[in-house]
Structures are given as C-alpha cells and as structure tokens.
Amino acid sequence: MPRTLRKARSDRSSHRSADPRRVQNPASGSSVPRRLRAGLLASAVSVCLLGASAAPAPLGLGDRLYPYLGNPGYDVMAYDLSLAYSGDNTKPLRAVTTINARATRALERVNLDFTHGTVDAVVVDGRPAAFTTAGEDLVITPRTPVPAHHWMRITVRHTSDPRAAKDRDGGWVRTADGLALANQADAAHLVFPCNDHPSDKALFTFRITAPEGYTAVANGLPAGVARAGTSTTWTYRTRHPMATELAQVSLGRSAVLHRPGPHGLPVRDVVPAGDRKALEPWLAKTPDQIAWMERKVGRYPFETYGLLMAGADTGFELETQTLSLFEKDLFTDSAYPKWYVESVMVHELAHQWFGDSVSPRTWSDVWLNEGHATWYEALYADETAHKSMEARMKAAYGASDRWREAGGPPARPKPPKPGQKVGIFRSNVYDGAALVLYALRQEIGRPAFERLERAWVRGHRDATATTADFVRLASDIAGRDLTGFFQGWLYGAKTPPMPGHPDWKQAPPPKTPQKTQKAGQTGEAAPRSVMKWAVR
C-alpha cells in the first residue's frame, strides 16, 4: 500500500524463482513457480502430523507474525469465486468458492482459512464432505482421505458478510455506492475460504452477479458478461498467480474508463460514475507513471493496470493486483499537494513489481514490499517535483532508531497487537526500509544497485522470495559478501552509520507530536511518515 497511516496517506510466463519446486497448472499447462516452505512449516506440519484422529484444530504455516495464517498439506493452484450481490451493502452476499489444489501429503482433513461467514455445504471431488470450524479455520473431512500428490477440487457454498467483523479490520470495505476489498494482511479469509498466506499464490477467476445499475470489476481481465432478467454477471480472470491478500472486487454505480498504456498495455480505471470528469486528469497520469517505472526496473509484470477510486474513508491506499484501491478523497481534497498525490500513485504502482509480482515468502519479508514502494515513491518525487530524496533519507535516518524501538528493525517487525489497525505497517517498514535501500546504494554504487533492482523483479517474477534471497542476490551483483552489512541494517536494534554520510546522526525525539494528516492517511495502515516529511 502506501500503507502510508494513510499507509501514512503519503501508502505464468517466464518464471525463475528462488524456489526449486515447480508444478504444472492442469488448466493451462504453464509452469508455475511454487514455494519451498520447509523451514517455515516445520512447526505447523509437526502439529498436523499428530494425526487427523485428534479433535479438529486450527492450523497455520507458523509465520512469525501471523502463525495461524495459511495451512500445511496442500498447494492451491486456482480459485473460482462466485459472488451474488443484492444491492444492499449491509447484507451478506451469497457465494461459492471452488479451490483446485494439489495435496503435498496424505490428508484426512483439509483446513481452510475462513471466518465471518456461514458455510452451507462443502463438496470434495464431487462428494459431500463433513465440515466444522476451529478458531478461524474451516476444517473439512472428505469421505475418503486425500492421497499425497492428488489433485483435489473443494467447493464451498457460503455467505460473505460485508459488515465489519468484531475487533477485526479488513475484508469488505463498504463504499458510498457499494463494496470493495482490502484484505491486507490477514483478512481475505473474512471474505472467502482460502489458504490465506502470500506464500501460496494461485490463479483467480471471479464471477460477480449484481442488480441492474451496478458494475462489477475484479483483478485481471474481463472474460464475459451475461445478463439474466434484471441482473448481470461479470467474469474476470487473472493471467498471473496472485496472493489472497491482493484480491479485489469492486461493486458500485461505477464508470470503467479505458486508455492505452505503454506497448499497448490496457489501462482501466474504476470510479464513481458521477466523478469521472473531475477524476480524469489524475487518471490520465497513469500511462506515463508506468513508463517511468519500466525505465527503472523493467516491463510491467501483469496483463492490465488501473486505479479503483472508492467513495470510502479507509485511511489507506492498497496495491491490489492490477487494480489498486484508492480513497477518492485523496484526489479531491485540495489539502494534498499535486506532487504528493502523484507520488502516492507511484507507490501503489511500484507494488505491482514489489509485493505483487514478487511476493513475500513470509510477512517478516514485508520490508521488501514497502521499502521498495517507498523508494520509488520518493525517487519519483525527487525526479519530477524536485523533492530531495537525500533530504528525505536524512530525515528518516534521524528518526530510524525510534522507529526500530517502536516497531522493530525493518526485517524483523514486531508482531501486531490484537485488533490494532496499524498492525505490522509502521514507519520501520516504510521509510525505515527505504533507508536500508539508500544505504545499500551508497555501499555498492548506483550502477550495481540499479542492476540489482532489475535482476530482483526479473528473477522472482510471479513467485515469492525472502530477505535471504535479496541479500544473496545483492552480494552476487556487488561481487562481495554483504551479509554483515545487511545484518546491521535489517536486524540491528540501532541504525548503523550511513555510508558516505558520517555526519548523519539520530535526531532527538520531537518535544511535541508532529502535525500529520488525519489518522490513517498513508496508504497501508502505517504511520504517515511520508506526509510528515512532506509538510516540514
């Protein structure tokens, strides 16, 4: 996002992966990179191997920050999500979620992440299956155990509730004219049953039915429109695997605007129909922003891009894959300088490479998403609006020790507190992580740094990657071992000296709180470090 608070509002083609394991998608035959989870899953698998004869229990992948997200024992290849919207965004949607997955070992039970909805029926490979709940898991018992390496199809008939879950943020966002999704980081399973962890990316198909007068849009490209009586069903499909947290569905009285992007890329934007004229000048900037990013890191990685401008007070923007979510007010509130709004647009665009195409293997790797998005946001402001990158990094350096104390070092963020909206999205993984990239560029030089950025997104496209992968690649490109350099910058309690700037020092804490935008204004639920810097 940015998740700038505003995240501070400031936030299967050629696939080489650090992961050695690949499988074939039975629908397309394309080679899809998959995750090597052995280290992450050790504890979760050991729990699961206690035996299915034990009482149903919530499982998880053992993620340090979200230990009960995801589930061991299978690998999802594709989701098919059907949603029926009544036109009332306070009432549950009727839904059917079909999951095609490969069992990675024999399973007597299959756990899916799902809560905040009612399950009516479950079918596994064409046969009704028993089900119950445990924690935030839907625990399914097929009639016969699932053999190892077996391709299974799970169909769940359920509701999807747009009303806020108690003590939980995320999932459906109710807008002025309908609904949108904001699932980061742990909320997709509030919307549909899934393996809700970014290490298990999959293809998605969306089939969305809505009454006359509404328009539905989702990730990917349109694959058909069918009208029946007074309702319409829209179908969308992704061409690239996607993490569950990046799923997007827009339902509203919307206008869908189309324009060409670089090298014929289809750019489509979704805006409230009555605001299309006022918002058009902002939307027209996207093709040039894509071209700017392509000059920095290489070709845009997906089949389409665009902005979803929602009439909602979310407190953040979000990089949902191919269709980034923005608050409409970001573009209509004159308090935000033009250059700042454009830099936030670039932040979410940069995430399409960093975070969406190259997804974090674990949530502790989130600095790779947010640090890079913040980096290109700041670089764009530097190059197009003369807002000094060096000045911003110097200011970040002065605050870095405080950020580390409050939120942990960039690659080891402190776990989120239950019910805390900001969660893991704090300044340490935004400007604090961008500061790591600045230090790296100082350490290895601009040419090597720019080669690293291109190699990173090219080598891990459509896959997942870890902090260790980044350290290894940076060392290879620099021609020397950078492990010690990264150890201090990514994991140290104190910020190391800045290469090339021995005069940079930690700044004393401000005597009074700095004035910021209204809460939640950077694009993810993180402190608005960007806007604080911008208004100094």
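Threonine 133 has leucine 138 in β9 as its bridge partner, and this pair belongs to the antiparallel arrangement of β8 and β9 (residues 137-141), which are joined by five bridges. The model is a predicted one, and local features are taken from it where pLDDT is at least 70.

**The three-stranded sheet**

- The pairing of β8 with β9 is part of an open sheet of three strands, ordered β5-β9-β8, in which the pairing is antiparallel.
- The edges of this sheet are taken by β5 (110-113) and β8 (130-134), and because each has a single partner strand, one side of each is left without a neighbour in the sheet.
- On average, and with direction ignored, neighbouring strands of this sheet are turned by 25 degrees against each other.

**The eight-stranded sheet**

- Eight strands make up another open sheet, whose order is β7-β6-β10-β4-β3-β13-β16-β15 and whose pairing is mixed.
- Its edge strands, β7 (127-128) and β15 (221-228), each pair on one side only.
- A parallel pairing is found between β3 (residues 74-84) and β13 (residues 203-211), which are joined by seven bridges, and aspartate 80 stands opposite threonine 205 in β13.
- An antiparallel pairing is found between β15 and β16 (residues 231-237), again with seven bridges, and here valine 225 has tryptophan 234 in β16 as its bridge partner.
- The hairpin of β15 and β16 has two residues between the strands, and glycine 229 in this hairpin takes a positive phi near 65 degrees.

**Backbone geometry in the loops**

- As background to this group, most residues other than glycine have a negative phi, and most peptide bonds are trans.
- Glutamine 184 and alanine 185 are joined by a cis peptide bond with omega at about 0 degrees, and alanine 185 is located in the loop between β12 (179-182) and β13.
- Aspartate 125, although not a glycine, has a positive phi of about 50 degrees; this residue lies in the loop that runs between β6 (119-124) and β7, where aspartate 125 is partly exposed with a relative accessible area of 39%.
- Histidine 263, also not a glycine, has a positive phi of about 40 degrees; its place is in the loop between β18 (254-260) and β19 (266-272), and its relative accessibility of 42% makes histidine 263 count as partly exposed.

**Helix packing and a buried serine**

- In helix α11 (residues 483-491), the buried residues are Phe485, Phe486, Trp489 and Leu490; viewed down the axis of α11, these buried residues fall within an arc of 100 degrees, and therefore they line one face of the helix.
- The helices against which the buried residues of α11 pack are α6 (366-385), α7 (389-407), α8 (431-444) and α10 (467-478).
- Serine 400 lies in helix α7, and this serine 400 counts as buried because its relative accessibility is 2%, which is under the 20% cut-off for that class.
- When neighbours within four places in sequence are left aside, serine 400 is in contact with Leu435, Thr495 and Gln506.

Definitions and conventions
Residues numbered from 1 in each chain as written. Predicted model: local features only at pLDDT ≥ 70, side-chain atom pairs only at ≥ 80, totals over all residues. Heavy atoms only, no water. Buried < 20%, exposed > 50% of the residue type's maximum accessible area, 1.4 Å probe, protein only. Helix = DSSP H or I, 4+ residues; strand = E, 2+ residues; numbered from the N terminus. Arc of directions from axis to C-beta. Contact = heavy atoms within 4.5 Å. Pairing = 2+ DSSP bridges. Axes fitted to C-alpha atoms, helices over the stretch in contact; angles between N-to-C directions.
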